[in-house]
Amino acid sequence: MTAPTNPPHTTSTTSTTSTTGEHLHAPVINWFEDNARDLPWRHPDAGPWAVMVSEFMLQQTPVNRVLPVYEQWLARWPRPADLAQDAPGEAVRAWGRLGYPRRALRLHGAATAITERHGGDVPTDHAQLLALPGIGEYTAAAVASFAYGQRHAVLDTNVRRVFARAVTGTQYPPNATTAAERKLARALLPQDDDTAARWAAASMELGALVCTAKNETCHRCPITAQCAWNLAGKPDHEGPARRAQTYAGTDRQVRGKLLAVLREAAPGTPVPQSALDRVWHEPVQRARALDGLVADGLVEPLQNGLYQLPATRT
């Protein structure tokens with residue numbers, strides 16, 4: 001995407017890391033040019049709002065599940081102001097089964113703030129993006145980079161895994177992003193904005209398609225010969241055991257079932273407690289899950305044991 005040019009951020013780098021970065025940039029970006037998936041938020045006509053919507057939806061959700069919801073979302077709410085004028089419950093309804101539905105409320109809150117503070121246009125300034133409700137370190141950097149072509153370190157799970165293997169020689173990054181990872185990501189950034197934005201997208205795609213968490217395909221990787229983990233013989237992970245997330249039988253599953261009942265109700269039609277009681281057999285867990293939904297602002301309790309998706313802004 002063509003983007004306004006911004007002054008590059010100053011970054012202190014060691015000569016070793018800088019050299020490593022320079023050797024990685026060209027092969028990864030060239031690979032990306034030939035292998036990047038054709039995704040709608042990457043199209044030249046996809047505006048900043050489309051990029052922001054995709055970033056919210058893609059957090060912890062695979063692309064194939066996001067695509068249909070993303071298309072429907074932008075058809076209904078092509079601008080932030082369109083979403084802001086609807087009730088937040090409609091965002092939760094449209095979110096469907098993407099999971100982690102608080103993201104829908106956060107996206108609605110961001111759209112409202114964009115409409116009220118920035119005239120309906122997604123701000124170009126990184127600090128203003130970061131000040132929006134529901135926008136964290138990763139999302140602000142991603143929108144600034146992918147929508148506006150700016151120079152920022154964009155650290156999602158895929159990028160962190162690529163850097164851990166290629167540069168530090170470990171199979172997996174730490175469970176939570178560390179200061180050392182942020183320092184390394186800044187050190188690896190190309191100096192000019194356009195190349196840095198391409199590097200951010202390319203390293204992310206490499207982690208998604210090739211340098212995957214399991215069954216990585218190193219023979220397809222453009223930097224296999226430079227990868228510290230590969231050169232070390234792919235040593236096994238030595239940190240805490242990485243446990244797969246469970247879903248069946250958890251409060252998260254119960255929350256999803258309760259929300260499904262509320263989403264399927266016609267807008268403005270409250271749902272009685274008895275309808276919610278039918279979706280889960282264990283009353284204590286069901287009540288705990290419902291209380292959690294209310295506390296998170298995803299469900300509004302009404303009088304006489306009725307519930308609905310949120311109709312008022314939080």
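Author: Let's start with Ala 166, which lies in helix α9 (residues 157-168). Helices here are DSSP runs of H or I with at least four residues, strands are runs of E with at least two, and both are numbered from the N terminus. This is a predicted model, where local features need pLDDT of at least 70, side-chain atom pairs count only at pLDDT 80 or more, and totals for chains, interfaces and linings use all residues. Residues are numbered from 1 along each chain as its sequence is written, and side-chain values use heavy atoms, with hydrogens and water left out.

Is Ala 166 buried or exposed? At 8% relative accessibility, Ala 166 counts as buried. The cut-offs go like this: buried is under 20% relative accessible area, exposed is over 50%, and partly exposed is in between, using a 1.4 Å probe and protein chains only. If you skip its neighbours within four places in sequence, Ala 166 is in contact with Ile 223, Gln 226, Cys 227 and Ala 228; contact means heavy atoms within 4.5 Å. Then there's Leu 24, 142 residues away along the chain from Ala 166, yet their C-alpha atoms are separated by 8.9 Å.

Pro 240 counts as exposed, at 56% relative accessibility. Pro 240 and Leu 83 are 157 residues apart in sequence, and their C-alpha atoms are 42 Å apart in space. Lys 234 is also found in the loop between α12 and α13 (251-264), and at 28% relative accessibility Lys 234 is partly exposed. Its phi is near 55°, a positive value in a residue other than glycine. Phi of Asn 215 is near 55° too; Asn 215 is in the loop between α11 (193-209) and α12 (228-231) and is exposed, with a relative accessible area of 70%.

Now for the inside. In soluble globular proteins, nonpolar side chains tend to be buried together. The largest nonpolar core in this model has 85 residues, and those with the most contacts inside it include Met 57, Trp 73 and Phe 163. Such a core is a set of buried Ala, Val, Leu, Ile, Met, Phe, Trp, Tyr and Cys residues joined through side-chain atoms within 4.5 Å. Helix α8 (residues 137-148) gives the largest share of this core, nine residues. Leaving aside neighbours within four places in sequence, the contacts of Met 57 include Val 69, Trp 73 and Trp 95.

The axes of α3 (residues 63-76) and α5 (residues 88-95) come within 10 Å and cross at roughly 150°. That makes α3 roughly antiparallel to α5.

Last stop, the sheet. It is open, with three strands in the order β1-β3-β2 and antiparallel pairing. β1 (271-272) and β2 (300-301) are at the edges with a single partner strand each, so one side of each has no neighbour in the sheet. β1 pairs with β3 (residues 306-308) over two bridges; two strands pair if DSSP finds at least two bridges between them. Within that pair, Val 271 stands opposite Tyr 307 in β3.

How values were computed:
Axes are lines fitted to C-alpha atoms, for helices over the stretch in contact, and angles run from 0 to 180 degrees between N-to-C directions. Angles under 35 degrees count as roughly parallel, over 145 as roughly antiparallel, 65 to 115 as roughly perpendicular and the rest as oblique.
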